[in-house]
Amino acid sequence: MSDPKTDAPKKLFIKTYGCQMNVYDSERMAEALGGKGYVETATPDDADMILLNTCHIREKAAEKVYSELGRFKPLKDAKPDLKIGVAGCVAQAEGEEIMLRQPMVDLVVGPQSYHRLPALEEAAGKGAKVLDTEFPEEDKFETLKSRPKAKRGPTAFLTVQEGCDKFCSFCVVPYTRGAEVSRPAGRILREARELVEAGVREITLLGQNVNAYHGHDKGLAGLIWALSEIDGLDRIRFTTSHPNDMDDALIEAHGTCDKLMPYLHLPVQSGSDRILKAMNRKHTAESYLKLIERIRAARPDLHLSGDFIVGFPGETDQDFEDTMAIVRDAGYGTAFSFKYSARPGTPAAEKVAKMVDPEVASERLARLQALITQQQRALQDSMVGREVSVLFEKEGRLPGQMVGKSEYLHAVHALAPADLKGRIAKVRIKASGPNSLAGELVGAN
Ligand code: SAH
Ligand code: SF4
Ligand code: F3S
C-alpha cells in the first residue's frame, strides 16, 4: 500500500549483482512490489525498501553483499521503518546466516520464491523477520502478474529455463537455483508478445543452461522458430549454453533463422582434458573445437564468446598452456576469465591439497586476459570497412549521436536521427575503439 498519511508511493531501491538472470529477476521483483504501491528509485537514500539481488558465484561477489549492507546501517538508523531485503543466490545459499551477520536485514528471499515478495513485505512491515528460501511447488512465473504495459527500451531479457543439473565441480548454481526447469513455450510466447507490444525489438532468452530448454517439443531451436514468427520482434539471442546441449537443430537455426543473431556464448572453462574431467564438464577440448567448427559451418561469421577459469585445483603449467591454446584455436570475439574461487559445498572446494598458489593463478589470469584482449581487439579492428546492422538503443554522448548494438553484439555509435531509437539501420564501420565501434549510416551524407 502507499503511505496512508501522504498517499505518496513507497520507494524501492534494488541493486543487482551477478548474471543477466538476476537483472530479469530484479525487474520482476519490482513489478511484484509495484502491486503493493512501490515505485523504483535510483538511490537508497530516499528508499522505503532496499533489496539487494545477490550473486554467490565467487567469494568476492558474495562478500560484496555484506560490505554493501554495512553501508546501509546509517540509513536504517535514521529511518527504522526502512526495510532491508536480500534476494538472489546469496540469500539462497546463506539464508539465516545473513540475518545473523547483519541483524538489520528484515527479509531474505531466494530466487525461486520471490513471487511471494508481496506477502513477505507485508509480514516484514509488521515487524517480523522473514526468510523464504524454499523451492516451492508452484511456478513463480505463473504467480507473477503479466508484464506491465509500460513502454520499454528496444531490448529485453526473458528467462525461459532456470536451474542446472550439470554439477560442474566448481559451481554453486545447481545449489542456489535448483534443478533444471523449463517454462512452457506458450507462456514464453505470451510474455514475448507483451514485450514486443511495449516496444521491445530484441529478446535475449535466458537460462543457466539455456540450450537444455525442453519446454517446446523441439527444444530451444523450436522455441526460437516459434518466437521468430512474432511480427515486430526482429532479433533473438540466447545465453548461456553448454557445449553438450548444442543439438543439430540449434546449430542449423544459426544458419537458417534470420532473426537469430550470429553471436554465441559457449563457455569451455579450460583447454586441458585432465582439468575438464576434474571439472565434471563431460566434454573434451577436441570435442568442443569440433563443435565450434560445425557451428561455424552453419554460420561462418558467428562471433564466439566464452568463459574460462584459471587456477582450478590441480592445474599445472601445461594445463594452463592448453587453455591458452584453445583460446587461440577457437578465436573468441569476447571471453571472460576468472580466477578459481573455492565455493562452500562444491566438490572442487574439497581438493584443499591441490589448490593452486594464488600468485601463480593471478599470473595465469593476467596472461590469459592479455591474449583474450589482443584477440578481441584484432577481431574488432577487422570490422572496419564492413557494413553491420545496428539496433539503436539510446542517444550517445556526443550531440546527434546514437548508440546501439550490431548483430555481433558490438557497441556501435554513429551520427543518426533520434527517431532511429528502437529501429535497425545499416552502418558502415569507420573506426574501432577499445570498447566500441564508430560508424556511418549507410546512405546518409
Ligand atoms: N551457466 C553458465 C555459467 C554460470 S557462472 C554456464 O554454464 O556457462 C558464469 C561463469 O562463472 C562460469 O562460466 C565460470 O567460468 C565462472 N565460475 C563459476 N563458478 C566459479 C568459481 N567457483 N570460481 C571461478 N569462476 C567460476
Ligand atoms: Fe554451473 Fe556448470 Fe551448470 Fe554452468 S553448467 S551453471 S558452470 S554447474
Ligand atoms: Fe550469480 Fe546466481 Fe547468476 S550465483 S551468476 S546470480 S545464477
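1. Start with Q269. This residue lies in the loop between β12 (263-265) and α11 (273-278). Helices (H or I, at least four residues) and strands (E, at least two) are DSSP runs, numbered from the N terminus. Q269 has a positive phi of about 75° although it is not a glycine. Q269 is also buried, at a relative accessible area of 9%; buried means under 20%, exposed over 50%, and partly exposed in between (1.4 Å probe, protein chains only).

2. A word on the source. This is a predicted model, where local features need pLDDT of at least 70, side-chain atom pairs count only at pLDDT 80 or more, and totals for chains, interfaces and linings use all residues. Residues are numbered from 1 along each chain as its sequence is written, chains are lettered from A and ligands numbered from 1 in the order in which they are written, and side-chain values use heavy atoms, with hydrogens and water left out.

3. L409 also deserves a look. Its phi is positive, about 75°, and it is not a glycine. L409 sits in the loop between β16 (401-406) and β17 (411-415). At 31% relative accessibility, L409 is partly exposed.

4. Next, a peptide bond. T239 and T240 are joined in cis, with omega about 0°. T240 is in the loop between β11 (235-239) and α10. Most peptide bonds are trans, and most residues other than glycine have a negative phi.

5. Now the helices. α10 (residues 248-256) packs on α12 (residues 285-298) at about 40°, and their axes are 7 Å apart. Axes are lines fitted to C-alpha atoms, for helices over the stretch in contact, and angles run from 0 to 180 degrees between N-to-C directions. The pair is therefore oblique (under 35 degrees is roughly parallel, over 145 roughly antiparallel, 65 to 115 roughly perpendicular, the rest oblique). D248, I251, H254 and G255 of α10 meet L291, R294, I295 and A298 of α12, with contact meaning heavy atoms within 4.5 Å.

6. Then the barrel. Five strands close in the order β15-β16-β17-β19-β18, with mixed pairing. Strands β18 (residues 424-432) and β19 (residues 437-441) pair antiparallel over five bridges; pairing requires at least two DSSP bridges. I429 stands opposite G439 in β19.

7. Last, the ligands. Around ligand 3 are C19, N22, T54, C55, H56, I57, C89, R177 and Q208, counting residues with a heavy atom within 4 Å. Ligand 2 is surrounded by C164, K166, F167, C168, F170, C171, V173, P174, H242 and R281.
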